[in-house]
Amino acid sequence: MTEKFRNGKPFLVVEGGSGVGKTTAVKGIASHLPNWRFLREPGGTPFGDLMRDAVQGRKDLEIDPVAAFMAYSASRANIVNLEIMPVLTGTTEHEGVLLDRYWFSTYAYQGSEKVDKAIIVSISKLVTGGLMPDLVLHFDLLPELAERRKSKREDQDRYDVKPKDFHARVRDAYLELSVMYPEIWKVIDASKSPEEVLSDALAAMRE
């Protein structure tokens, strides 16, 4: 699953911590890409949705961070092979893929739960076949500002409700990724109004 197998179709990933306004931004971006395949992680396939519900939705379950990492990785293998690659190799009519979260989220979240980040990178490359996006839009916001936004939501999962120091580590991990992959990574200031955030995201895509 390297670049030579792709048919010139773009692969765009959107990332960010809890409460940064990513979901709103994704909806705005998707409205400008009418013939693209829009997918989300974790999930994107029936199997992946089961993994998502088990790890994030079932707050009654105790889940070890390594178990969460492996569940997400299994889900990711499914969505890459069954949903993303058919678009990128030209076997569907879609013009590109817009993906809400990728393995970078696992690096940030499970990495902040003390799973070895080098192992996360290695296993993620294995399950995705090394597939990397053309562009990552990272919506960045200070944890204390994100906390205020999250407090208004009713659909919080097990990660949303974690303490502020955890979300600070998640943000730091995302910024590590921006240094690791500067050629594809674009940080978007999510403290602005939704309209300004969307405008900045679209400008980064045009670049």
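Predicted model: local features only at pLDDT ≥ 70, side-chain atom pairs only at ≥ 80, totals over all residues.
The lining of the largest cavity is made up of nine nonpolar, four polar and two charged residues.

**The cavity**

One cavity of 30 Å³ or more is counted here, and the largest cavity holds about 110 Å³ of space. Among its 15 lining residues, those closest to the centre are G17, V20, L141, H167 and R171. Two or more lining residues come from each of β4 (135–140), α6 (143–150) and α7. The biggest share belongs to α7, which gives four residues to the lining.

**The nonpolar cores**

Now to the packing. The largest nonpolar core has 36 residues, and the members that touch the most others are F11, I84, L99, Y102 and F104. Two or more residues of this core come from each of β1 (11–16), α3 (65–88), β3, α4, α5 and α7 (164–180). Which element gives the most to this core? It is α3, with ten residues.

Beyond its neighbours within four places in sequence, L99 contacts F11, L12, V13, V14, L39, R40, E41, I79 and I84.

**Aromatic pairs**

The model has eight aromatic pairs. Two of them are set out below.

| Pair | Distance of ring centres | Angle of planes | Type |
|---|---|---|---|
| F104 and W185 | 5.2 Å | 90° | edge-to-face |
| Y109 and Y159 | 5.7 Å | 75° | edge-to-face |

Why do both pairs count as edge-to-face? Planes over 60 degrees apart fall in that class, and the angles are 90° for F104 and W185 and 75° for Y109 and Y159.

Each pair also joins separate stretches of the chain. F104 sits in helix α4 and W185 in strand β5 (residues 185–189), 81 residues apart. Both F104 and W185 are buried. Y109 is likewise in helix α4, while Y159 is in the loop between α6 and α7, so this pair ties together parts that are 50 residues apart in sequence. Y109 and Y159 are buried too.

F104 and W185 also belong to an aromatic cluster, together with F11, Y102, W103 and Y181.

**Backbone features worth a look**

Most residues other than glycine have a negative phi, and most peptide bonds are trans. A few spots in this model depart from that pattern.

The peptide bond from E41 to P42 is cis, with omega near -15°. P42 is in the loop between β2 (37–40) and α2 (46–57). E41 has already come up, as one of the contacts of L99.

Two residues have a positive phi without being glycine. For R101 the value is about 80°, and for K114 phi is near 80°. R101 lies in the loop between β3 (97–100) and α4 (103–109), whereas K114 is in the loop between α4 and α5 (117–128).

Are these two residues buried or exposed? R101 has a relative accessible area of 14%, so it is buried, because the cut-off for that class is under 20%. K114 reaches 67% relative accessibility and therefore counts as exposed, since that class takes values over 50%.

Methods. Residues numbered from 1 in each chain as written. Heavy atoms only, no water. Buried < 20%, exposed > 50% of the residue type's maximum accessible area, 1.4 Å probe, protein only. Core = buried A, V, L, I, M, F, W, Y, C linked by side-chain atoms within 4.5 Å. Contact = heavy atoms within 4.5 Å. 1 Å grid on protein atoms, 1.4 Å probe; cavity = no way out; pocket = protein on both sides within 12 Å on 5 of 7 lines; lining within 4 Å. Points joined across faces, edges and corners; volume = space filled by probe spheres on them. Nonpolar A, V, L, I, M, F, W, Y, C, P; charged D, E, K, R; others polar. Phe/Tyr/Trp six-rings, centres within 6.5 Å; stacked < 30°, edge-to-face > 60°.
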